[in-house]
Structures are given as structure tokens and as C-alpha cells.
Amino acid sequence: MIPRTTRRSAPAVASLVLVLTLAGCGSGEEAGTTADKPAPSVSATGAPRSTPSPTSSLNEDGTVKPGTRAKLGEPTLLRYEGGTKSGILEVTVTGIEKGDRADVASLGLSGDAEKMTPYFVRATVKNAGKNDLSHAAVDPPGGLLDDGTAARQLLVIGTFATCDSYPKTKSFPPGASYETCAPVLADPGTEVTGAVWTGQGYPDAPASSGVTWTP
């Protein structure tokens, strides 16, 4: 596996490791134009699902606008655009785990990446709209550093059971969901304290222009 530093544009299909300078979520492909609306979603008591925090603002379809700030563990409706696919996703960041260098030793990182601390951003992604998103290249939420900038994302093409970021969308009809994980890296002296979603329907940068989750 060959590590290198680059900007993320679209999911790769080779067997290698990329250390990304921007932990954005997004492919640079042209988005589809099919309109979508969120499927009805209610809690066990029948009450409407809670919307993101008061700092959020919503689009007419119930998805959050760029710049929205949500809480970790809070289901958040996002517009998705990638390739010929478009729709609505419900993304819940379920946890952020601090790892150690031994967790990524098998990836053969070198240079500055060897000195960084790995973190694992775990989330659940649900197709909350009416469009079939099977085979959609959905990137997971990335890491947000304590200074509000995006963490470097570690894109592993191949098997990395500790934190698998490959989209499980071979079959992804409305109502389907799956768990995902983004391995990210923090420079010495910094910490990953939140998560961020950029691209795929939201601005690529800065992190504050996307959707962020913090404790």
C-alpha cells in the first residue's frame, strides 16, 4: 500500500492508502437532478423526530442548510448529491474514538502521518428519502479538530476492519441504513472533538460551511 497526501475528489478504486489534507465528504462528480423528499419518520411514541439544535436552519424538504451545527448522537437530515444519484440521508454520528498508532501500524504510514494520532468517527447513515441510492458513493462524516478545522482523513482502499469507511450501498433503497466509520488523523497537540460533513451537496471548505457535530 502506498501512502500519499492529496485532496479528495472522488472515491478511488486501487489498493492503497491516502492521507487526505481535507476531511471532506464528497465526490466532485456532477449531481443528479431527481427531486427527493424525506420519508415520514416518527419516534416510538409517534412524535415527530427531533430536528437539529436551535442553531440549525432547514430547507423546505427538512434537510439542514450549510453551516448547521448539530450535537453528537443527533439524527440530521442531509441532502445528498453524487454522480447521477441524489436524495436525502439521515446521518447520526454515534461516537468518536481516540486510537493509537498501533491501530494503524498495518497501513504502513510514513512521514508526518507516522507522528499523528488516529481517531475513528463512527456514524449511521440512512436513506431517508424516496430515491433508491443503491451504489451511491456516500462518504462518511469526517473528523473536526478542536480548532474548528477538518482533520486529515485516512482513506483506505482495501480491508481495514478497525474502521471501515467503504459505503455499504450495494443495495440502498429508501429506509435502508448501515454503520460506517471514518479513520482520521490529528497532528500532535490537537484533538478530534467533533465530526464534519462537506461536499456531496454542501460546500467543500471550510469545515464551517458544511454540517458539523460537536458534544
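Two strands count as paired if DSSP finds at least two bridges between them. Keep that cut-off at hand for these exercises on a predicted model.

**Exercise 1. Work out the overall make-up of the protein: how many helices and how many strands does it have?**

Step 1. Start with the tally: the secondary structure comes to zero helices and eleven strands.

Step 2. Now walk along the sequence, and the pattern reads β-β-β-β-β-β-β-β-β-β-β.

**Exercise 2. Find the pairing partners of strand β10, and name the residues that bridge to G194 and A195.**

Step 1. Locate β10 at residues 192–197.

Step 2. Look at strand β7, residues 142–145: β7 and β10 run antiparallel and share four bridges. Within this pairing, L144 has G194 of β10 as its bridge partner.

Step 3. Turn to strand β11, residues 211–214, which also pairs with β10 in the antiparallel sense, here over three bridges. A195 finds its bridge partner in W213 of β11.

Step 4. Check the cut-off: a pair needs at least two bridges. β7 with β10 has four, and β10 with β11 has three.

**Exercise 3. Decide how β10 is placed: is the strand mostly covered or mostly open?**

Step 1. Recall that buried means under 20% relative accessible area.

Step 2. Count through β10: five of its six residues are buried, so under this cut-off the strand is mostly covered.

Step 3. For context, buried residues make up 47% of the protein's 215 residues.

**Exercise 4. What share of the contacts between residues at least 6 apart in sequence joins residues at least 24 apart?**

Step 1. Take the contacts in the protein between residues at least 6 apart in sequence.

Step 2. Of these, 69% link residues at least 24 apart.

Conventions
Residues numbered from 1 in each chain as written. Predicted model: local features only at pLDDT ≥ 70, side-chain atom pairs only at ≥ 80, totals over all residues. Heavy atoms only, no water. Buried < 20%, exposed > 50% of the residue type's maximum accessible area, 1.4 Å probe, protein only. Helix = DSSP H or I, 4+ residues; strand = E, 2+ residues; numbered from the N terminus. Contact = heavy atoms within 4.5 Å.
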